[in-house]
Amino acid sequence: MSNNILVKDNFFDKIDELRELSCSLDHIHHEKMPVEPGWKGYRTWELSHYDSPIIQTLYKQIIETVSDYFGLVGYDSEIYSHESYNEIEKEGNRIHIDPVPYAGVLYLTPDIPLECGTTIFLNNEKVDIENKYNRLVLYRGTFKHGITNFFGDNKDNVRRTINFFFKLCAVGPKRG
(Lines give C-alpha, C1' and ligand atoms only; values in the text may rest on other atoms or scores of the structure.)
Protein backbone atom coordinates (compact mmCIF):
# COMPACT_ATOMS: atom_id res chain seq x y z
CA MET A 1 0.00 0.00 0.00
CA SER A 2 1.06 3.61 -0.06
CA ASN A 3 1.35 6.09 2.76
CA ASN A 4 -2.04 7.44 1.61
CA ILE A 5 -3.89 4.24 2.54
CA LEU A 6 -3.59 2.22 5.75
CA VAL A 7 -4.84 -1.37 5.94
CA LYS A 8 -4.63 -2.89 9.40
CA ASP A 9 -5.88 -6.39 10.18
CA ASN A 10 -7.12 -7.52 13.62
CA PHE A 11 -7.75 -3.90 14.51
CA PHE A 12 -10.26 -4.00 17.37
CA ASP A 13 -9.86 -6.30 20.40
CA LYS A 14 -13.59 -6.61 21.10
CA ILE A 15 -14.71 -7.02 17.48
CA ASP A 16 -17.35 -9.67 18.21
CA GLU A 17 -18.97 -7.42 20.83
CA LEU A 18 -18.85 -4.48 18.42
CA ARG A 19 -20.48 -6.59 15.70
CA GLU A 20 -23.20 -7.71 18.11
CA LEU A 21 -23.86 -4.08 19.09
CA SER A 22 -23.97 -3.00 15.44
CA CYS A 23 -26.48 -5.75 14.62
CA SER A 24 -28.71 -4.59 17.48
CA LEU A 25 -28.88 -0.93 16.39
CA ASP A 26 -31.61 0.58 14.23
CA HIS A 27 -30.30 1.29 10.73
CA ILE A 28 -32.22 3.79 8.59
CA HIS A 29 -32.60 3.39 4.82
CA HIS A 30 -31.07 6.26 2.86
CA GLU A 31 -34.44 7.10 1.27
CA LYS A 32 -35.94 7.70 4.73
CA MET A 33 -33.38 10.35 5.70
CA PRO A 34 -34.71 13.93 6.07
CA VAL A 35 -32.32 15.13 3.34
CA GLU A 36 -30.67 13.10 0.59
CA PRO A 37 -27.43 11.71 2.02
CA GLY A 38 -24.27 11.01 0.08
CA TRP A 39 -24.53 7.27 0.78
CA LYS A 40 -26.74 4.31 -0.10
CA GLY A 41 -27.87 1.54 2.18
CA TYR A 42 -28.79 1.57 5.85
CA ARG A 43 -26.99 3.59 8.48
CA THR A 44 -27.35 4.39 12.17
CA TRP A 45 -27.29 7.84 13.64
CA GLU A 46 -23.81 8.99 14.61
CA LEU A 47 -22.55 6.51 17.22
CA SER A 48 -21.54 9.07 19.86
CA HIS A 49 -25.28 9.32 20.61
CA TYR A 50 -25.17 5.80 22.07
CA ASP A 51 -24.00 5.30 25.64
CA SER A 52 -21.64 2.37 25.22
CA PRO A 53 -18.13 1.68 26.53
CA ILE A 54 -17.40 -0.32 23.35
CA ILE A 55 -18.19 2.72 21.19
CA GLN A 56 -16.06 5.01 23.37
CA THR A 57 -13.14 2.57 23.10
CA LEU A 58 -13.66 2.38 19.34
CA TYR A 59 -13.62 6.19 19.00
CA LYS A 60 -10.42 6.45 20.98
CA GLN A 61 -8.65 3.69 19.04
CA ILE A 62 -9.71 5.00 15.62
CA ILE A 63 -8.76 8.61 16.41
CA GLU A 64 -5.36 7.52 17.78
CA THR A 65 -4.68 5.28 14.77
CA VAL A 66 -5.63 7.90 12.19
CA SER A 67 -3.80 10.68 14.05
CA ASP A 68 -0.63 8.60 14.35
CA TYR A 69 -0.67 7.31 10.77
CA PHE A 70 -1.46 10.58 9.02
CA GLY A 71 0.21 12.86 11.60
CA LEU A 72 -3.02 14.68 12.44
CA VAL A 73 -3.63 17.09 15.29
CA GLY A 74 -7.00 18.63 16.16
CA TYR A 75 -9.21 16.25 14.19
CA ASP A 76 -12.38 14.56 15.37
CA SER A 77 -14.42 11.75 13.92
CA GLU A 78 -18.02 10.94 13.12
CA ILE A 79 -18.64 7.20 13.20
CA TYR A 80 -21.63 5.21 11.90
CA SER A 81 -22.67 1.60 11.59
CA HIS A 82 -23.58 0.84 7.97
CA GLU A 83 -25.31 -2.06 6.19
CA SER A 84 -25.06 -2.55 2.41
CA TYR A 85 -27.28 -5.21 0.84
CA ASN A 86 -27.31 -6.63 -2.69
CA GLU A 87 -30.38 -4.48 -3.46
CA ILE A 88 -28.30 -1.29 -3.19
CA GLU A 89 -26.10 -2.33 -6.12
CA LYS A 90 -29.02 -1.72 -8.49
CA GLU A 91 -29.29 1.91 -7.37
CA GLY A 92 -26.47 3.28 -9.47
CA ASN A 93 -22.92 4.51 -9.21
CA ARG A 94 -21.21 3.58 -5.97
CA ILE A 95 -17.94 5.43 -6.62
CA HIS A 96 -17.76 8.77 -4.78
CA ILE A 97 -15.58 11.06 -2.70
CA ASP A 98 -16.26 12.12 0.87
CA PRO A 99 -16.35 15.83 1.78
CA VAL A 100 -13.81 15.29 4.57
CA PRO A 101 -10.01 15.09 4.62
CA TYR A 102 -9.89 11.45 5.84
CA ALA A 103 -12.31 8.54 5.93
CA GLY A 104 -12.33 4.81 6.49
CA VAL A 105 -14.13 1.58 7.21
CA LEU A 106 -13.87 -1.29 9.66
CA TYR A 107 -15.32 -4.55 8.28
CA LEU A 108 -17.74 -6.30 10.63
CA THR A 109 -19.02 -9.35 8.72
CA PRO A 110 -17.06 -12.59 9.01
CA ASP A 111 -16.84 -15.14 6.21
CA ILE A 112 -18.07 -13.08 3.28
CA PRO A 113 -16.44 -12.94 -0.15
CA LEU A 114 -13.15 -11.06 -0.01
CA GLU A 115 -14.06 -9.16 -3.18
CA CYS A 116 -16.79 -7.29 -1.27
CA GLY A 117 -14.30 -4.80 0.10
CA THR A 118 -13.44 -1.26 -0.92
CA THR A 119 -12.09 0.06 -4.20
CA ILE A 120 -9.95 3.19 -3.96
CA PHE A 121 -8.54 5.12 -6.90
CA LEU A 122 -5.02 6.28 -6.09
CA ASN A 123 -3.30 8.35 -8.79
CA ASN A 124 -5.85 7.05 -11.32
CA GLU A 125 -4.94 3.48 -10.39
CA LYS A 126 -7.62 1.16 -9.03
CA VAL A 127 -6.73 -0.44 -5.68
CA ASP A 128 -9.08 -3.20 -4.46
CA ILE A 129 -8.91 -3.90 -0.74
CA GLU A 130 -10.36 -7.20 0.40
CA ASN A 131 -13.09 -7.35 3.00
CA LYS A 132 -11.69 -9.23 5.97
CA TYR A 133 -13.40 -9.37 9.33
CA ASN A 134 -11.86 -6.81 11.71
CA ARG A 135 -9.83 -5.08 8.98
CA LEU A 136 -9.46 -1.31 9.24
CA VAL A 137 -8.99 0.71 6.04
CA LEU A 138 -8.06 4.42 6.21
CA TYR A 139 -7.71 6.73 3.22
CA ARG A 140 -8.00 10.33 2.16
CA GLY A 141 -11.67 11.20 1.77
CA THR A 142 -10.88 13.08 -1.42
CA PHE A 143 -9.85 9.86 -3.18
CA LYS A 144 -12.56 8.34 -5.36
CA HIS A 145 -13.70 5.16 -3.65
CA GLY A 146 -16.65 2.85 -3.15
CA ILE A 147 -17.86 -0.64 -2.37
CA THR A 148 -16.18 -3.16 -4.67
CA ASN A 149 -19.12 -5.60 -4.62
CA PHE A 150 -22.26 -5.93 -2.54
CA PHE A 151 -23.23 -8.98 -0.57
CA GLY A 152 -26.08 -10.22 1.57
CA ASP A 153 -29.82 -10.10 1.87
CA ASN A 154 -30.41 -10.10 5.64
CA LYS A 155 -28.95 -8.66 8.86
CA ASP A 156 -26.83 -11.77 9.48
CA ASN A 157 -24.99 -11.93 6.15
CA VAL A 158 -25.02 -8.28 5.03
CA ARG A 159 -21.87 -6.30 4.22
CA ARG A 160 -21.64 -4.60 7.63
CA THR A 161 -19.09 -1.88 8.34
CA ILE A 162 -18.25 0.88 10.73
CA ASN A 163 -17.72 4.00 8.59
CA PHE A 164 -15.86 7.00 9.92
CA PHE A 165 -15.12 10.49 8.69
CA PHE A 166 -12.46 12.86 10.04
CA LYS A 167 -12.64 16.61 9.97
CA LEU A 168 -10.67 19.41 11.57
CA CYS A 169 -12.13 20.66 14.84
CA ALA A 170 -12.55 24.37 15.41
CA VAL A 171 -11.63 24.07 19.09
CA GLY A 172 -9.90 20.68 19.30
CA PRO A 173 -10.93 17.05 19.55
CA LYS A 174 -14.02 16.18 21.58
CA ARG A 175 -12.90 12.66 22.50
CA GLY A 176 -9.84 10.79 23.40
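The structure is a predicted model, in which local features need pLDDT of at least 70 and side-chain atom pairs count only at pLDDT 80 or more, whereas totals for chains, interfaces and linings use all residues. Residues are numbered from 1 along each chain as its sequence is written, and side-chain values use heavy atoms, with hydrogens and water left out.

## Overall fold

The protein has two helices and ten strands, where helices (H or I, at least four residues) and strands (E, at least two) are DSSP runs numbered from the N terminus. Along the sequence these elements follow the pattern β-α-β-β-α-β-β-β-β-β-β-β. Of the 176 residues in the protein, 52% are buried; buried means under 20% relative accessible area, exposed over 50% and partly exposed in between, with a 1.4 Å probe and protein chains only. Among contacts (heavy atoms within 4.5 Å) with a separation of 6 or more, 80% come from residues 24 or more positions apart.

At the N-terminal end, Ser-52 caps helix 2, with a side-chain oxygen 3.2 Å from the backbone nitrogen of Ile-54, and after helix 2 comes Gly-71, which has a positive phi near 70°. The buried residues of helix 2 include Ile-54, Leu-58, Tyr-59, Ile-62, Val-66 and Phe-70. The partners against which the buried residues of helix 2 pack are strand 1 (5–8), helix 1 (15–24), strand 4, strand 5, strand 8 (136–140) and strand 10 (159–168).

In helix 1, the buried residues are Ile-15, Leu-18, Arg-19 and Ser-22. They cover an arc of only 100° around the axis, which puts them on the same side of helix 1; the arc is that of the directions from the helix axis to the C-beta atoms. Asp-16, Glu-20 and Ser-24, by contrast, are exposed on the other side of helix 1. The cover over the buried residues of helix 1 includes helix 2, strand 4, strand 5 and strand 10.

## Aromatic residues

There are five aromatic pairs in the structure. Rings of Phe, Tyr and Trp (its six-membered ring) pair if their centres lie within 6.5 Å, and planes under 30 degrees apart count as stacked, over 60 as edge-to-face and the rest as tilted. Because Tyr-75 lies in strand 4 (residues 75–84) and Tyr-102 in strand 5 (residues 102–107), the pair ties together parts that are 27 residues apart in sequence. Ring pairs also link Tyr-75 and Tyr-102 with Tyr-69 and Phe-70 into a cluster.

## Selected residues

| Residue | Relative accessibility | Class |
|---|---|---|
| Tyr-75 | 17% | buried |
| Tyr-102 | 9% | buried |
| Glu-46 | 9% | buried |
| Tyr-50 | 22% | partly exposed |
| Thr-118 | 3% | buried |

Glu-46 is placed in the loop between strand 3 (42–43) and helix 2. Its side chain is joined to that of Ser-48 by a polar contact of 2.3 Å, and the side chain of Glu-46 also reaches the backbone nitrogen of Ile-79 at 2.9 Å. A polar contact is a pair of N or O atoms within 3.5 Å; within protein, one must be able to donate a hydrogen and the other to accept it, and residues adjacent in sequence count only if both atoms are side-chain atoms.

Tyr-50 is likewise found in the loop between strand 3 and helix 2. Leaving aside neighbours within four places in sequence, Tyr-50 is in contact with Leu-25, Asp-26, Thr-44, Trp-45, Ile-55 and Gln-56. Tyr-50 and Leu-25 are 25 residues apart in sequence, with a C-alpha to C-alpha distance of 9.6 Å.

Thr-118 belongs to strand 6 (residues 118–122), and its side chain makes a polar contact of 3.4 Å with the side chain of Arg-159. Not counting residues up to four places away in sequence, the residues that Thr-118 touches include Val-105, Tyr-107, Val-127, Ile-129 and Thr-148.
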